[in-house]
Amino acid sequence: MTTREITYLESVREAMSQEMRENEDVFILGEDIGVYGGAFGVTRGMIEEFGPERVRNTPISEAAIAGAAVGSALTGMRPILELQFSDFITIAMDQIVNQAAKTRYMFGGKGKVPMVLRTPAGSGTGAAAQHSQSLEAWMAHIPGLKVVQPSTAYDAKGLLKAAMDDDNPVIFYEHKLLYKTSSNVPEESYKIELGKADIKREGIDVTIVATAIMVHKALEAAEVLEKDGISAEVIDPRTIVPLDKETIIKSVKKTGKLIVVHEAVKRGGIGGEIVGVIAESEAFDYLDAPIIRLGGKEVPIPYNPNLEKAAIPQVPDIIAAVKKTVRK
């Protein structure tokens with residue numbers, strides 16, 4: 001494959017454009033996604049190629065956007081809906097949780113809902129309490145939904161291609177701070193299977209399972225730890241539903257130690273699920289130190305940049321957690 005370095009944002013746009021060229025049933029809908037190009041510019045230029053019928057601006061109503069997506073998916077279309085901020089999922093919970101997630105089950109598999117809900121998530125942009133949340137654990141709790149959190153441009157394109165081909169509703173979280181990051185991405189279409197974690201860095205002393213932006217913080221922490229003689233293995237689940245339990249279990253059996261880090265509030269976060277997986281597996285007997293979970297503070301995301309930074313785990317927090325568990 002021919003690769004070149006492009007941004008996370010560009011890789012998401014490229015995945016959608018390629019899929020729309022390949023499949024006429026695919027279309028995009030959302031607020032200001034047409035001429036304006038979306039809140040973060042992800043769909044910029046797409047209306048010129050595909051026209052307003054397939055890049056459809058919608059009213060400011062997340063419930064209507066999600067409802068239209070569910071309905072069109074049930075009639076054979078393959079919609080991609082963009083919600084400007086992941087916080088706004090709260091306005092469309094009935095359509096997502098009670099309709100999209102349950103229709104296939106309720107109709108014995110005859111009513112498929114092949115839709116992808118794309119939405120920017122996370123803090124770090126000074127957008128304050130109502131535009132900075134990480135709510136992926138809510139969606140992971142709902143049977144019938146798949147939940148994806150790419151951390152690199154390469155993963156974003158491959159996972160989005162797989163999500164668009166899936167016959168189930170997929171919630172696709174794009175961390176806002178990752179949009180400008182870049183990596184080598186093939187020009188051609190490719191897919192990354194949902195439910196396959198990626199070992200971003202191999203190590204032998206401790207396993208760090210991190211999601212989204214925290215993957216990059218964990219890798220930065222691992223570089224610092226290496227200078228102190230500590231070898232950290234960094235695992236990116238990439239999809240939290242389905243979750244690649246086998247890769248995590250195998251790593252913990254090797255290292256005997258586990259740190260889980262995510263930006264979402266620690267209480268009720270996906271980290272608790274990962275800890276539960278280890279507690280219920282043979283890897284539990286291999287642990288030689290208590291598991292440590294790192295997550296956001298139990299506060300709304302502050303507007304003040306210093307407080308915003310303090311509300312979520314940072315590189316020094318990961319380093320301190322690893323040193324604590326390795327000493328034990």
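Helices here are DSSP runs of H or I with at least four residues, numbered from the N terminus. In this predicted model, one such run is helix α5, which spans residues 103-106 and holds tyrosine 105. With a relative accessibility of 74%, tyrosine 105 counts as exposed, because the cut-off for that class is over 50%. Tyr105 also takes part in a nonpolar surface patch, which it makes together with Met106 and Phe107. The patch comes to about 460 Å².

The largest pocket contains about 420 Å³ of space. Its lining is made up of 21 residues, and those closest to the centre are Gln133, Ser134, Leu135, Ala264 and Val265. Two elements, α6 (136-140) and β13 (258-265), each supply at least two residues of this lining. The largest share belongs to β13, with three residues. By residue type, the lining of the largest pocket divides into eleven nonpolar, six polar and four charged residues.

Lysine 176 sits in the loop between β7 (170-175) and β8 (182-186). In sequence, lysine 176 and glycine 41 are 135 residues apart, yet in space their C-alpha atoms are 11 Å apart.

Notes:
Residues numbered from 1 in each chain as written. Predicted model: local features only at pLDDT ≥ 70, side-chain atom pairs only at ≥ 80, totals over all residues. Heavy atoms only, no water. Patch = residues over 30% accessible without salt bridge, like charges linked within 9 Å, V, L, I, M, F, W, Y side chains within 5 Å. Areas by Shrake-Rupley, 256 points an atom, 1.4 Å probe, with all protein chains shown as cover. Salt bridge = Lys/Arg side-chain N within 4 Å of Asp/Glu carboxyl O. Buried < 20%, exposed > 50% of the residue type's maximum accessible area, 1.4 Å probe, protein only. 1 Å grid on protein atoms, 1.4 Å probe; cavity = no way out; pocket = protein on both sides within 12 Å on 5 of 7 lines; lining within 4 Å. Points joined across faces, edges and corners; volume = space filled by probe spheres on them. Nonpolar A, V, L, I, M, F, W, Y, C, P; charged D, E, K, R; others polar.
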